[in-house]
Amino acid sequence: MAELTIGDEAPDFRLPRNGGGDISLSDLKGKAVVLYFYPKDDTSGCTAEAIDFSALGAQFEAANTVVIGISPDSVKSHDKFAAKHSLTVMLAADEDKSALEAYGVWKEKSMYGKKYMGVERTTFLISPDGKVARIWSKVKVPGHAQAVLDEAKAL
């Protein structure tokens, strides 16, 4: 799959989410959407990122922006993660990796010389018309949620 670039139509998806039900990008037309892809529930970086996005939830809502975290973890894992850390962001389960692949974030990674497939921490800001407005690759968590909020407000 070719890398997405700014101005591309954001790939639609329908995924099960924490708390029950499912979510799709097409359901959110008319709102800006933050899709943040993260490797694993309840790991230090992923927890900090989810807490940061949750803390800014009211401000994202005021900016007509929906925040969705997506990882290959199950809904059950997302429910436990959200409850443990009082998360308010929506978490979508992409166990078959269809959205991860459509957005180009399921990549070969390397740790201690071993190669494996995993999620490259990436955030996409989707404009209300469904186009990719901004992409943050290889995200460093500190200050990231605020930077995304600033961009969402500027749409």
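## The sheet

An open sheet of 5 strands runs in the order β5-β4-β3-β8-β9, with mixed pairing. Its edge strands are β5 and β9 (132-136), each pairing on one side only. On average, and ignoring direction, neighbouring strands here are turned by 20° against each other.

Strands (E, at least two residues) and helices (H or I, at least four) are DSSP runs numbered from the N terminus, and two strands pair if DSSP finds at least two bridges between them. The model is predicted, so to speak of local features a pLDDT of at least 70 is needed, side-chain atom pairs count only at pLDDT 80 or more, and totals for chains, interfaces and linings use all residues. Residues are numbered from 1 along each chain as its sequence is written, and side-chain values use heavy atoms, leaving out hydrogens and water.

## Strand partners

Strands β4 (residues 65-71) and β5 are parallel, over 4 bridges, and G69 stands opposite L91 in β5. By contrast, β3 (residues 32-37) and β8 (residues 122-126) pair in the antiparallel sense over 5 bridges; V33 has I126 in β8 as its bridge partner.

Strand β5 (residues 90-93) is covered on both faces: M90 and A92 are buried on one side, L91 and A93 on the other. Buried means under 20% relative accessible area (1.4 Å probe, protein chains only).

Contact means heavy atoms within 4.5 Å; axes are lines fitted to C-alpha atoms, for helices over the stretch in contact, with angles from 0 to 180 degrees between N-to-C directions.

Definitions and conventions: Buried < 20%, exposed > 50% of the residue type's maximum accessible area, 1.4 Å probe, protein only.
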